[in-house]
2 protein chains.
Amino acid sequence: MSKPLVTPRTLKGFRDYLPEAMLAREGLIDTARRVYRSYGYAPIDTPALEYLEVLRGKGSDETDKQLYAFQDNGGRDVGLRFDLTVPLARFAAEHTGELGLPFKRYHIASVWRGENTQRGRYREFMQCDFDTIGAVGPASDIETLLVTSDLFAAIGFDAVTIRINHRGVLGGMLEAIGLAEQATSVLRALDKLAKIGPEKVRAEIEQAAGATATQSAKIVALAGVSGDTYTVLQKLEAMVAGPAGKSEAGAAGVARLRDVLDGVAAAGVPPGRIKIDPSIARGLDYYTGLVFETTLDALPGIGSVASGGRYDNLAALFTKQELPGIGGSLGLDRLLAAMEELKMLPATRTPAPVFMPLFADECLAGVLKLAAELRSAGIGVEVYSEPKKLSKQLQYADKKGFRVAVIAGQDELAKGEAQVKDLANGQSVTASAAGLLDEVRRVLDGQE
Amino acid sequence: MSKPLVTPRTLKGFRDYLPEAMLAREGLIDTARRVYRSYGYAPIDTPALEYLEVLRGKGSDETDKQLYAFQDNGGRDVGLRFDLTVPLARFAAEHTGELGLPFKRYHIASVWRGENTQRGRYREFMQCDFDTIGAVGPASDIETLLVTSDLFAAIGFDAVTIRINHRGVLGGMLEAIGLAEQATSVLRALDKLAKIGPEKVRAEIEQAAGATATQSAKIVALAGVSGDTYTVLQKLEAMVAGPAGKSEAGAAGVARLRDVLDGVAAAGVPPGRIKIDPSIARGLDYYTGLVFETTLDALPGIGSVASGGRYDNLAALFTKQELPGIGGSLGLDRLLAAMEELKMLPATRTPAPVFMPLFADECLAGVLKLAAELRSAGIGVEVYSEPKKLSKQLQYADKKGFRVAVIAGQDELAKGEAQVKDLANGQSVTASAAGLLDEVRRVLDGQE
């Protein structure tokens, strides 16, 4: 008696990646790795599963609720990582003795959150992080922005805007106007600026932080400072020197922003790509210095596609050693969605550009020989797996998006020839075996 | 009151990958992907978590016992995938309508098994599979072996031996000598040949399969057939034509082996790299045609580093559609262990070859500019993150394994120069800013 069939389906909230989507993802991940590596960030990996105590209470109440937690077969309480930052903290606390500081790593891996699956959000997604641990100077701040800028240029975006801010600037101003203790509730209100507008934010600041109308006006004015970069710096400098005296932290924050802007300019980042935006806060507790967000000029509405910032102490929950650092993260899924919308993704389902049909098993040896020659010149070739009608095979090639068909039946093979067909325009040329590589290259180069 | 510290530790049976190990892994994975792609295999990915009913009962009793199974927050019974073959079966049953056949995919991803952690085995490891689904002819058998052969050449192994067999050969012989019904117990005994020797295997065959001494002798003789490839084929042909009449399946198996050997020779695989070994069985139930294993000639004792075979029906548990195919898998961890033993892994902890120390924050702009120029020429450069004593920075560079240091302090920058230091031999040359790239290239090229 045969078993009843199991319905083939992916788990709710999860998805398969078919070749077309996966080719785009692999391309993007490759680019990110290449750029990270070009600055000396080295890859690491950590287990998908961690002891639950490593994960629980390390993110927010929300991440705790969304944790995939269970007991393993040995009765240990374990969980699937929900980000790559908590594992990095655990990793750094465990290994920096061996690795030394500064330590620069990238980590590109899946994370899991039992989120509400509405709005196209998935419970498994990939994070693409880079961090420098053990460095406090402007060099690592600057480098983090250079990586981000290079990354988008390498992906193919000429026009992105990286908005930067420094947590010391707002903190310094609050200090200067005597509201330092209320920083958390002020930040929480300010985070809603884009959504609810300045009037409602001021009302919330006055109510939640017990601020006066003058104080709330100053705070909202700070977040709204704009203009030419060096003008903004001057305005911010003035604002952190309030009636209660100049704030050291605020002045230091503005000075760091100035260093950072000088540094990225020296390294050749085009003017205007990196802008100060005093409204950027990026969450409440974690970041302590530079923070940044990145938007695509062609599609700003989808939000930030790369962001990050500086922290004073990565692994306070695991070690007494202070581990300051700075990191950034590429928003892979959001960026892929944007690239699809902007039609920047090639419509191909094959990683090999050349297709060779198979007319009969008798042709196989000759076809395999030609295919091997093209491959040894670095050109990917798919040979169709079964002898079938040519029209059917070319239909397959068309559906997959091959660029070139190299057609060699018994007649061609006997004559030492092959037809090279440009699948974009349908034109065919007959090539000798010796001239095949050049002819295929000619068609492939023609498309670029 | 601060929380007590959580001990930073990896879960029992799991491990972190530090940069040195991860650089080697990424290199190997890149090579595998490049070779798979060059034959038109396209990447896919599937979720780490599947419905438990998709996973349970799909491997062996052992994989069932080792499953990481639990209930998710929505009360669904789920499990972590224990291989990439069951997810491929589920995937193929779900998507081949959309993708069409033949379908060639590779899948490189982590799997989880709650195995006994003795003997250096881990509970999370990576599989590196490629399969062609929907093809039954010799072309896909041949291609699977070509991929395997190319893969090891691309990794840097000139000398590997791929041992092939066909499940029809032994089956055919059993048919020919009247033992077809006892195939499973015969295979189980034969699998122990290398371990317990021919005498004990014969005894087990006689006892478990009720075979006569003549029959067990023939079976063990078949497994021991050796010699020049085409001689082996002739011997096998004779052996599958037994006293009970010639076996069709056996003859077809031998004929397929002949086609496969002709094909790989036509595609340029060096003679002797692929050998027939009638003792290779590769498990009991799954494979139905060609099977293969690969050993490193320099280190045969570590066992097979790439293996696979042909199956009649991938997804019988999910769909009534028959999905025949053939696939192979690279044994990543075993191969990395071998490469370490053979000293084939570069001792580096940095993906960037060039190191630039930082003498003072005042030098930063000049150093960043030089680093950006080298990077735009495709050369990775790590700039040290803080101004520190040069000796300390060079110690860091040495520990990481950089190849070149480009040293530019205030004096050099003022003169538009930099020192280029070959870290392998300690020799330094002064280069002008304009000549820096050539000088760095000269040192980097010198090492190859």
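How far does the backbone nitrogen of A:Ser60 lie from a polar atom of the side chain of A:Thr63? The views below begin with that pair. Everything here comes from a predicted model, in which local features need pLDDT of at least 70 and side-chain atom pairs count only at pLDDT 80 or more, while totals for chains, interfaces and linings use all residues. Residues are numbered from 1 along each chain as its sequence is written, chains are lettered from A and ligands numbered from 1 in the order in which they are written, and side-chain values use heavy atoms, with hydrogens and water left out.

**View 1. A:Thr63 and the backbone of A:Ser60.** The distance is 2.7 Å, a polar contact (a pair of N or O atoms within 3.5 Å; within protein, one must be able to donate a hydrogen and the other to accept it, and residues adjacent in sequence count only if both atoms are side-chain atoms). A:Thr63 sits in helix α3 (residues 61-66) of chain A; helices (H or I, at least four residues) and strands (E, at least two) are DSSP runs, numbered from the N terminus. With 8% relative accessibility, A:Thr63 is buried; buried means under 20% relative accessible area, exposed over 50%, and partly exposed in between (1.4 Å probe, protein chains only).

**View 2. A:Gln127, part of an annotated binding site.** An unreviewed UniProt entry annotates a "binding site" that includes A:Leu84, A:Gln127 and A:Tyr286; such annotations may be inferred rather than shown by experiment, and feature names are shortened, with positions given in the numbering used here. You will find A:Gln127 in strand β6 (residues 124-133) of chain A, buried at 14% relative accessible area. A polar atom of its side chain lies 3.1 Å from the backbone nitrogen of A:Leu84. Leaving aside residues up to four places away in sequence, A:Gln127 touches residues including A:Asp83, A:His107 and A:Arg113 (contact means heavy atoms within 4.5 Å).

**View 3. A:Tyr286, in a loop.** This residue lies between β10 (274-276) and β11 (290-296) of chain A. A:Tyr286 is partly exposed, at 35% relative accessible area. Not counting residues up to four places away in sequence, A:Tyr286 touches A:Thr85, A:Tyr311 and A:Leu314.

View 4. In α16 (residues 436-446), the buried residues are B:Leu436, B:Glu439, B:Val440, B:Val443 and B:Leu444. They line one face of the helix, because they fall within an arc of 135° seen down its axis, taken from the directions from the helix axis to the C-beta atoms. B:Asp438, B:Asp445 and B:Gly446 are exposed on the other side of α16(B). Among the elements of chain B that cover the buried residues are α13 (364-376) and β17 (417-422).
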